[in-house]
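Here are my notes on this one, jotted down as I went through it. Have the model open beside you while you read.

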Amino acid sequence: EQLQYLRVPELVPPSALEVQVQVCVALREKLVSEIKENIRKLKQASAECIDVLAAVCRTTSLASLTLCFPPLGHWQTELLQDAANDYVAYFFNQVYLPVIQATRDLDILKLTLKIICEAWLDHIYMKKTKFSSTGALNLLKDFDGVADWIYSIKVLDKNLKEMLSKHEVLRMCEGVGKLLLRKPDETISILPSPKTGRRGEEEPPATEDDKAPLPPEMFVPNQKRWLELRARDKKVIMGLNCTCLCAGMDVY
């Protein structure tokens with residue numbers, strides 16, 4: 001009795017429409033998988049391009065600094081400069097300006113600026129450059145010259161100039177300069193120092209709604225290593241020499 005409810009499939013060839021539907025479904029699945037794979041490769045290529053850009057930017061920065069960075073004796077002078085040294089504009093014209101001319105992408109511009117400034121600091125530390133107090137002040141003016149250089153670039157719009165000139169890496173550079181002005185045993189307060197504008201004018205006091213910015217020294221990792229680059233002041237050395245000579249000792 002149950003056999004009458006069983007249905008036997010019809011032994012007929014599939015229609016042309018069914019074949020086309022199956023082919024279209026298979027092609028669609030293949031196309032979707034290829035699109036996903038291409039998206040993955042595209043994302044990977046973007047990361048690889050950024051890695052290559054970062055490596056080339058750092059190598060070019062260090063090579064340019066080798067050619068244009070002032071000699072060691074320049075940083076032990078007692079002559080205070082009025083503005084940033086000429087090598088700053090030359091360095092950024094050689095390394096950063098081509099990037100600005102090639103793209104207006106903020107992420108790329110911020111990344112390259114970060115790499116350039118970090119290479120700048122690495123070059124200073126690798127050379128074991130010793131800084132007098134005046135030399136450290138001159139270095140601070142060189143770091144300030146980066147923002148001035150950014151504002152002088154006409155192809156950048158106002159918003160990009162504002163964002164790039166306030167990049168965190170410039171705060172780190174400022175922190176290095178201020179660390180070079182400190183004594184090795186001097187403690188660094190986390191309380192904010194009085195604000196000064198880019199031209200040196202004191203800004204209005206912050207309101208209660210404004211968050212107090214951290215001192216620039218707090219943006220510098222491994223602060224102690226920069227304190228090693230402080231040169232002994234000539235006045236202190238001369239006084240020590242006089243004292244030791246009076247005592248019949250030689251100072252080297």
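1. Helices here are DSSP runs of H or I with at least four residues, numbered from the N terminus.

2. Before going further, a word on what we're looking at. This is a predicted model, with local features needing pLDDT of at least 70 and side-chain atom pairs counted only at pLDDT 80 or more, while totals for chains, interfaces and linings use all residues. Residues are numbered from 1 along each chain as its sequence is written, and side-chain values use heavy atoms, leaving out hydrogens and water.

3. Back to that pair. H1 and H4 pack at an angle of about 40°, and their axes are 9 Å apart; axes are lines fitted to C-alpha atoms, for helices over the stretch in contact, and angles run from 0 to 180 degrees between N-to-C directions. The two helices are therefore oblique to each other (under 35 degrees is roughly parallel, over 145 roughly antiparallel, 65 to 115 roughly perpendicular, and the rest oblique). Residues of H1 in the contact (heavy atoms within 4.5 Å) include Leu53, Cys57, Arg58 and Leu62, and those of H4 include Ile108, Ile115, Trp120 and Asp122. By class, the contact of H1 with H4 has 13 nonpolar, four polar and two charged residues, with Ala, Val, Leu, Ile, Met, Phe, Trp, Tyr, Cys and Pro taken as nonpolar, Asp, Glu, Lys and Arg as charged, and the others, Gly among them, as polar.

4. His123 deserves a look. This histidine sits in H4 (residues 106–126) and, at 6% relative accessibility, counts as buried (under 20% relative accessible area is buried, over 50% exposed, in between partly exposed; 1.4 Å probe, protein chains only). Setting aside neighbours within four places in sequence, His123 contacts Leu62, Leu65, Thr66 and Phe69.

5. On its other partner: the axes of H4 and H5 come within 13 Å and cross at roughly 160°, so the two are roughly antiparallel. H4 passes H5 in a right-handed crossing. Leu113, Trp120, Leu121 and Ile124 of H4 make the contact with Leu139, Asp142, Phe143, Val146 and Ile150 of H5. By class, that contact of H4 with H5 has eight nonpolar, no polar and one charged residues.

6. Leu113 touches Phe92, Tyr96, Val146, Ile150, Leu164, His167 and Val169, not counting residues up to four places away in sequence.

7. Two backbone spots to check. Lys128, in the loop between H4 and H5, has a positive phi of about 55° although it is not a glycine, and is partly exposed at 43% relative accessible area. Asn222, in the loop between H7 and helix H8 (223–227), has a positive phi near 50° and counts as exposed at 53% relative accessibility.

Technical notes: A crossing is left-handed if the near helix is turned anticlockwise from the far one by less than a right angle, and right-handed if clockwise.
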